[in-house]
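Here are my notes on this one, as numbered points. Have the structure open while you read, and start with the charged pairs.

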Amino acid sequence: MVRQSAFLAWIFRMPLIKRWGLMHCVRPENVAEHSHQVAVIAHLLCVIRNERYGGNLNPDKAATVAIFHEVSETKLQDQNHVVKYHNAEFTEQYKKLELLAEQECIDSLPADLQKHYKQLVIQEEVDSDYKQIVKAADIISAYLKVLDEQKFGNVAEFEGVRKSTEARIDAIKKNCPEVQDVLDVFVKSCLLPVDDISN
């Protein structure tokens with residue numbers, strides 16, 4: 001009998017994992033949709049870097065890394081950023097749990113396929129240039145979520161997150177000038193009603 005792999009089963013449960021668990025949200029968000037958005041933004045960041053800033057990254061690889069960047073949450077759920085990074089010791093232990101979850105995901109694959117996914121799923125193995133791009137895309141995705149929530153009146157709940165996310169964006173722009181391009185060219189239209197987008 002062929003040994004069954006749980007790899008795809010875990011990935012397909014990503015829509016069940018809610019993000020922003022400690023916050024009141026006007027519109028719920030899950031890990032699957034977040035990963036898709038991060039993949040699209042990461043691809044865009046690479047294209048802009050290559051076209052405008054002399055980069056030489058593969059946008060398809062960046063998008064693929066982004067698709068898998070939250071795989072550990074299939075086991076651990078989404079953790080609030082403030083909680084996760086509040087205490088250095090907790091952060092260190094949580095990173096160990098993430099690594100265990102990522103390795104468990106890889107181990108669930110047939111042996112001959114594991115080498116193809118290891119550098120996508122295990123975040124310690126991801127090439128640093130792609131890791132930087134995906135982190136930038138992740139922050140932009142969070143920022144768009146904040147702006148969306150505030151647009152619909154959820155201002156107070158997301159004001160602290162907006163300020164901390166803007167600080168994170170300012171920090172990452174120093175090494176990723178393409179982030180500013182995305183902010184300047186794409187963010188405003190993401191907040192428009194559908195009729196205005198169409199026009």
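Predicted model: local features only at pLDDT ≥ 70, side-chain atom pairs only at ≥ 80, totals over all residues.

1. K173 and D170 make a salt bridge, with 3.4 Å between the closest N and O atoms. The cut-off used for a salt bridge is a side-chain nitrogen of Lys or Arg within 4 Å of a carboxyl oxygen of Asp or Glu. The two residues sit three apart in helix α9, so about one helical turn separates them. An α-helix has 3.6 residues a turn, so residues three or four places apart point the same way. K173 is partly exposed at 24% relative accessibility, and D170 is partly exposed at 43%. For these labels, buried means under 20% relative accessible area, exposed means over 50%, and partly exposed is in between (1.4 Å probe, protein chains only).

2. Numbering runs from 1 along each chain as its sequence is written, and side-chain values use heavy atoms, with hydrogens and water left out.

3. Back to α9, which covers residues 155–173. Helices here are DSSP runs (H or I, at least four residues), numbered from the N terminus, and strands are E runs of at least two. This helix has 19 residues and spans 25 Å from first C-alpha to last, close to the 27 Å expected at 1.5 Å a residue. That expected span is 1.5 Å times one less than the number of residues. There's also a kink of about 25 degrees centred on V161, where the bend is the angle between axes fitted to the seven residues ending at a position and the seven starting there.

4. Which residues of α9 are buried? They are F158, V161, R162, T165, I169 and I172. These pack against α8 (128–151) and α10 (178–185), with contact meaning heavy atoms within 4.5 Å. The arginine in that list has a partner: R162 forms a salt bridge with E159, at 2.3 Å between the closest N and O atoms. R162 counts as buried at 19% relative accessibility, while E159 is partly exposed at 21%. Both are in α9, three residues apart, or about one helical turn.

5. The whole structure has 15 salt bridges. One I'd look at joins the side chains of E178 and R49, at 2.8 Å from N to O. E178 belongs to α10 and R49 to α2 (residues 31–52), so this pair ties together parts 129 residues apart in sequence. Both ends are buried, E178 at 1% relative accessible area and R49 at 11%.

6. On to the nonpolar packing. A nonpolar core here is a set of buried Ala, Val, Leu, Ile, Met, Phe, Trp, Tyr and Cys residues joined through side-chain atoms within 4.5 Å. The largest one has 43 residues, and L45 and V179 have the most contacts inside it. Among the elements giving two or more residues to this core are α2, α8, α9 and α10, and α8 supplies the largest share, ten residues. Leaving aside neighbours within four places in sequence, L45 is in contact with I133, A136, A137, I140, E178, V179 and V182.

7. Two of those L45 contacts, V179 and V182, are also on the buried list for α10, together with E178, D181 and L183. Cover for the buried residues of α10 includes α2, α8, α9 and α11 (187–190).

8. A second, separate core of seven residues includes W20, M23, V146 and V161. W20 has a positive phi of about 60 degrees without being a glycine. Most residues other than glycine have a negative phi. W20 lies in the loop between α1 (7–11) and α2, and is buried at 13% relative accessible area.

9. How many disulfides does the search find? Zero, across the whole structure, taking a disulfide as a pair of cysteine sulfur atoms within 2.5 Å. For C25, the closest cysteine sulfur is in C190, 18 Å away, which is too far for a bond. C25 is buried at 19% relative accessible area, and C105 is buried at 1%.
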